[in-house]
Amino acid sequence: MKNKELAESIIQHVGGKNNIISLVHCATRLRFALKDETKANAEILKKRKGIITVVQNSGQFQVVIGNNVADVYSDIMQLTNLNETTNTDTQPNKKSGILSKLIDLVSNIFIPVLVVMVAGGILKGILALLLTIDVVQRNTSTFNFLDAISDAPLYYLPMILGFSAVKKFGGNPYMGLAIGGALLHPSVSNMIPQGKFLLETHLFGIPIDLIPYASSVFPIILAAWFYSLLERNFNKIMHDSFKKFIAPLLSFVITVLLTFALIGPAVTYGSGYIASGIQYLYALNPVIASMILAPLWQVLVIFGIHWGLVPLCLNNVATNHEDFLLPILFPAVFAQVGAVFAVMLRAKDPQFKALASSSVLSGIFGVTEPAIYGINLPLKRPFIIGCLSAIIGGAIIGCYHSVIYSFSFINVFSFLQLISPEHGIDDKFYAVVFACVISFIIALIATYLFGISKDKISMISPNDIHEDQANSQGNNNQTNINNDDITIFSPMTGKVTPLSEVNDPTFASELMGKGIAIIPTVGQAVAPDDGEVVSLFRTKHAIGFQTESGAEILIHIGIDTVKLDGQHFEAHVEAGRKVKKGDLLVSFDIEAIKQAGFEVTTPIIITNSDSYQDIQCIFEQDNIQSGEALLVLSQNKE
């Protein structure tokens, strides 16, 4: 039920199911393609329990969920009746750049298949370990079975990618399977003599270079695009009575023949040159190259553009049976784990300590988003220290030219995939282990000693900051918050100003009640706590709200804005609606209201002020974010 409620909330705040073009998910994120991103409310989603953060990048609206992303994804797919296929006839309102389109293409094609690749890769690592410790011997039936199971995902990668790529391009994905199957069919692959890379043969009398396509990456993707293009155009020109069968047939035959004759050889040679080119650049100075990529990796993760490296790594594994890029990322992952582990050791607040503990566990198993978005990035210094600590580990790995022998997400099981199938555990393996340990320890010590700035200490130990303030300032100037007091949270983001400075004598004189005012910088008013919308003016400029604790609040957006008669305001709730803290109540256009000649200063009034002994503003800075503590209402003492 929790996942379903979260799914419903996400659908609502991305603009509703009609605003969703397509949805895919990776290890921790929901990746939406939206018709209009302006209809989505990232700020509300960020505050929703169960959501780590929201990232808008590369033409995608990314909602970072964490480990249970697959469950939330499943509920959203059921609630929206999406068919997991991108609607190519419906495009977002704003145009995406080339990089955004490329990242969107790569992520949508490769994300669904990576679970299969990682499963096969880990099993390959386990098999290499069993060989090393003489539990299994080569050329035995046990070895052959395990080798076939672990090798199947990579060997049949063209079929797996064919399905995913054709679905992304808008064609029939099962034809993508068939195209990949044709490339791997024994009648074709057995024509190439064992030990040779190519066979010069003929297709309808045309000389071609027949090459093995097992484990290949790029040829099937280009073939899938070409097939989808043909199928789409044949469907446009053919009669409805026979296009359902004839369009796929012609597209399939033409694509497969053209792939054997032209697309396959050209792209295979090209991908080989790409792999050789990257290898050449890396070989110029492996240490410096590794020192650059290691700290940069987590920055790429933040923006969700790290998927651009996936096809390169897969191509390296397919072409060279090993990859040097993935080992460089090991210290990047474990340095962030070390940083969040240090925060966990310093944390005294039970809830924050629990969050840090779960982030450490997730990071060990390769999911670093909870650590980054939930802990390290908000505290800033731990994230920076984690990135810098990875430089040392990257240098060690570059010095030993470490490689990985199958594709993997970086996690504790990935170390098995560093074991050479031929030589077993060697110096390259130990270099990665040592690099991860060093990066982890450096990040742990540096973060523990220097990673928590004074202005962030309250995030991990709110009791300590209160004690420090009490010791330094005494009781005269300290706001004492008792257990019975009621905290009211800010319904807006903006600049806090005293009620006495509001340009309206009714509010400034506190005739309607005590409170505070905010000059909003974001045109949204959200629920200041769990409660009920008691009243919503017809002009939508004022909301009467009652919290579950009994506080009655008036949120009056602007001065004299009743004269706008509802223009530039949009209500997202109705009177009598039960809402949760942070739910959007009213949105408004700040610039349009100002241009109409009205102030946007918003009084926040406690209309039942007489019910409380005292009302104080506890926010001590100028600028406040919605959801931050704003007022404390002290209960009358009997």
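Contact is taken here to mean heavy atoms within 4.5 Å. The structure is a predicted model, in which local features need pLDDT of at least 70 and side-chain atom pairs count only at pLDDT 80 or more, whereas totals for chains, interfaces and linings use all residues. Residues are numbered from 1 along each chain as its sequence is written, and side-chain values use heavy atoms, with hydrogens and water left out.

Under the contact criterion, and not counting residues up to four places away in sequence, glutamine 336 touches Gln298, Ile372, Asn376, Pro382, Phe383, Gly386 and Cys387. The side chain of glutamine 336 also makes a polar contact, at 2.9 Å, with the side chain of asparagine 376; a polar contact is a pair of N or O atoms within 3.5 Å, where within protein one must be able to donate a hydrogen and the other to accept it, and residues adjacent in sequence count only if both atoms are side-chain atoms. Glutamine 336 is buried, with a relative accessible area of 0% (buried means under 20% relative accessible area, exposed over 50%, and partly exposed in between, for a 1.4 Å probe and protein chains only).

Glutamine 336 belongs to helix α13, residues 325-346. Helices (H or I, at least four residues) and strands (E, at least two) are DSSP runs numbered from the N terminus. Helix α13 has 22 residues and spans 34 Å from its first C-alpha to its last, close to the expected 32 Å at 1.5 Å a residue, the expected span being 1.5 Å times one less than the number of residues. Because 19 of its 22 residues are buried, α13 is largely enclosed by the rest of the structure.

Grid points are joined across faces, edges and corners, and a volume is the space filled by probe spheres set on the points. The structure holds 3 cavities of 30 Å³ or more. The largest cavity contains about 310 Å³ of space; of its 22 lining residues, Trp297, His306, Gly366, Phe409 and Ile410 are the closest to its centre. Helices α11 (286-303), α12 and α13 each give two or more residues to this lining, which divides into 15 nonpolar, 6 polar and 1 charged residues. For this division, Ala, Val, Leu, Ile, Met, Phe, Trp, Tyr, Cys and Pro count as nonpolar, Asp, Glu, Lys and Arg as charged, and the others, Gly among them, as polar.

The second largest cavity holds about 60 Å³, and its lining residues include Met117, Lys124, Leu154 and Val317. Helix α4 supplies the largest share of that lining, 4 residues. The second largest pocket has a volume of about 980 Å³ and is lined by 38 residues, with Leu154, Ser215, Val317, Ala318 and His321 nearest its centre. By class, the lining of this pocket comprises 20 nonpolar, 12 polar and 6 charged residues.

Positive phi values occur in lysine 380, near 70°, and in histidine 568, near 75°. Lysine 380 lies in the loop between α15 (369-379) and α16 (381-400) and is exposed, at 52% relative accessible area. Histidine 568 is located in the loop between β13 (552-556) and β14 (569-571) and is partly exposed, at 32%.

How values were computed:
On a 1 Å grid over the protein atoms alone, a cavity is a set of points where a 1.4 Å probe fits but cannot get out, and a pocket is an open set with protein on both sides within 12 Å along at least five of seven lines; lining residues have an atom within 4 Å of a point.
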